[in-house]
Amino acid sequence: IYETRGVYSRSIERAVEDLNVNCTIVSKQSDFQEQLQSNKFSFIFISSFLYDCAKKAIEFYKVDSDTKLVLLAEFDKSAIYSKNTMTISMPVHVLSIANLLNGVPEESVYNELAESRVDFIAPSARVLIVDDIKTNLKVAEGLMTPYRLKIDVCDNGKEAIELIQDEIYDIVFMDHMMPEMDGIEVTSKIRQIGEETCSDYLKNLTVIALTANAVTGMREMFLHNGFNDFLAKPIETLKLNEILGKWIPKEKQDLYTKDDSDTAAPTFEIEGIDVKTGIFMTGGNLEHYLQTLSLFLKDGTQRLGIIKNCWENQDLPLYVIHVHALKSALASIGAGETSQLAKMLELAGKNEDMLFLMKQTPLFLEKLETLLVNIRYVVSNNPADSAKPEGDMTFLKENVQVLRDALESMDMNAADCVITQLQAEKWDANTKSVIDAAAEHILMCDYDEALEELSKLL
């Protein structure tokens, strides 16, 4: 593996080692040439931007034709270097590497940036998406919009069970890891209710697991626990098209006609984010991407405070759940490097690797805070028309509670993030005056007075 970016190389190394495959990591051209000269490799993984230099070295040392060359390709790199060159789209997933090592090449997602794959529409089909991260809900909803489906969303297992009993769905996309009640528990409960009530609908309802941990054996585990299939996060358009085509009844599928939605190029950049990748990953629509960024701003700010508290209290199980939740959301908005760091922290948390966690957690929190600041600047200067209904009381109460917790624990970075976010939204005059008063008390370090003001909103 020839990769100069440490976060990516460590992530790929962990993924390959999880498959019990030996690998060598190099980050310098001289080390790459030395390894080619002294060893024989079955695969060579190279970042696409290093390919030109690598190609010369490969030709010079006459690498055996049995050695397969794999480009670690960014989504906005559309050049095809060779018919014999395989690609894996960044950020990489264990499943993609496993398929490639087993001779199943990945269909190159990054070459389809201009036009995502949609084979049909299904206006009469009804779908429910369940995920505790609102950013992920928005992303999934955006990717499914071209299919003209009737889409419902919810962010917890209890509500999902109620909706499934009240409505008739063709497919339920169920997030695997959620706090309180995870996807496996929800699905088991649905099947149990189906047995108890003799409901063929609940017993046979198509439930697709959404998982950011698509590793060997996952499909079998999900099938054993009542799911029908699984879809890896961040969601790839080709895989989504395949899943929808397989499980939506054929009689509900109609011929696809292209909808000329807004595909305007972005006029902004965000440090730490590949904006083109983010737009593509969230459905290809600039307006929708801005709405997704607005939701990530809320999700990220909330999770930032929670992860800090988990880390300070050494609550590793909860730490893992919330880092895992951000992992796919970060990848979906185009923050690949921070997503890879979240992935490594999740694995380290599961393995209780405290040395790694102590070193990398502060770096992750710092990167996340910087990312939120950069996103807030762009969102405030490029407002999406329908990012949030005016006067969203659920949003208000959730964030006021996060702000109260931040003030009580004296986490002023988190408090500043939340109060700035609240002030940027549109509220009625009374609500706005309370938020502004609380902000002024926080600015003057009068935290008790700020808490008293905030209590009015709850």
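This is a predicted model: local features need pLDDT of at least 70, side-chain atom pairs count only at pLDDT 80 or more; totals for chains, interfaces and linings use all residues.
## Overall build

The chain has 458 residues, and 52% of them count as buried. Its secondary structure comprises 19 helices and 10 strands.

The accessible surface of the chain is about 21,400 Å². Carbon and sulfur atoms account for 49% of that surface.

## Salt bridges around strand β5

The model holds 17 salt bridges. One of them pairs Glu167 with Arg126, with the closest N and O atoms 3.8 Å apart. Glu167 sits in the loop between α6 (157-166) and β7 (171-175), while Arg126 belongs to strand β5 (residues 126-130), so the bridge ties together parts 41 residues apart in sequence. Glu167 is partly exposed, at 28% relative accessible area. Arg126 is also partly exposed, at 24%.

The loop between β5 and α5 (134-144) supplies Asp131, and the loop between β9 (229-232) and α10 (237-247) supplies Lys233; the pair therefore links parts 102 residues apart in sequence. Their side chains form a salt bridge, at 2.9 Å from N to O. Both Asp131 and Lys233 are buried.

## A bridge to helix α12

Which residue forms a salt bridge with Asp132? The partner is Arg303, and the closest N and O atoms are 2.9 Å apart. Asp132 lies in the loop between β5 and α5, and Arg303 lies in helix α12 (residues 286-312), so this pair ties together parts 171 residues apart in sequence. Asp132 is buried, at 9% relative accessibility. Arg303 is buried too, with a relative accessible area of 6%.

Some bridges share partners. Arg126, Asp152 and Glu167 are joined into one network in this way.

## Val139 in helix α5

Val139 is part of helix α5. Is Val139 buried or exposed? Its relative accessibility is 3%, under the 20% limit, so Val139 counts as buried.

Setting aside residues up to four places away in sequence, Val139 touches Met281, Thr282, His288, Thr292 and Ser332. Tyr289 is 150 residues from Val139 along the chain, yet their C-alpha atoms are separated by 8.3 Å.

## Two residues of helix α15

Helix α15 covers residues 354-381 and includes Gln360. Phe356 is found in helix α15 as well. Phe356 counts as buried, at 14% relative accessibility. Gln360 is buried at 8%.

Beyond its neighbours within four places in sequence, Phe356 is in contact with Arg14, Met344, Leu345 and Ala348. The C-alpha atoms of Phe356 and Leu345 are 7.9 Å apart, and the two residues are 11 apart along the chain. Gln360 also touches Leu345, along with Leu341, again leaving out residues up to four places away.

## Positive phi in two loops

Most residues other than glycine have a negative phi. Two residues here depart from that pattern. Asn20 has a positive phi of about 60° although it is not a glycine. Asn20 lies in the loop between α1 (6-18) and α2 (29-38). Its relative accessible area is 73%, so Asn20 is exposed.

What is the phi of Glu352? The angle is near 55°, a positive value in a residue other than glycine. Glu352 is located in the loop between α14 (336-350) and α15. Glu352 is exposed, with a relative accessible area of 59%.

## A negative surface patch

Which residues form the negative surface patch? They are Asp446, Asp448, Glu449 and Glu452. The relative accessible area of Glu449 is 37%. That value falls between the 20% and 50% limits, so Glu449 counts as partly exposed.

Note on methods
Residues are numbered from 1 along each chain as its sequence is written. Side-chain values use heavy atoms; hydrogens and water are left out. Patches are made of residues with over 30% relative accessible area and no salt bridge: like charges are joined within 9 Å, nonpolar side chains (Val, Leu, Ile, Met, Phe, Trp, Tyr) within 5 Å. Accessible areas come from the Shrake-Rupley method with a 1.4 Å probe; for residues, only the protein chains shown count as cover. A salt bridge is a side-chain nitrogen of Lys or Arg within 4 Å of a carboxyl oxygen of Asp or Glu. Lys and Arg count as positive and Asp and Glu as negative; His and the chain ends are not counted. The place of a charge is taken as NZ of Lys, CZ of Arg, CG of Asp or CD of Glu. Buried means under 20% relative accessible area, exposed over 50%, partly exposed in between (1.4 Å probe, protein chains only). Helices (H or I, at least four residues) and strands (E, at least two) are DSSP runs, numbered from the N terminus. Contact means heavy atoms within 4.5 Å.
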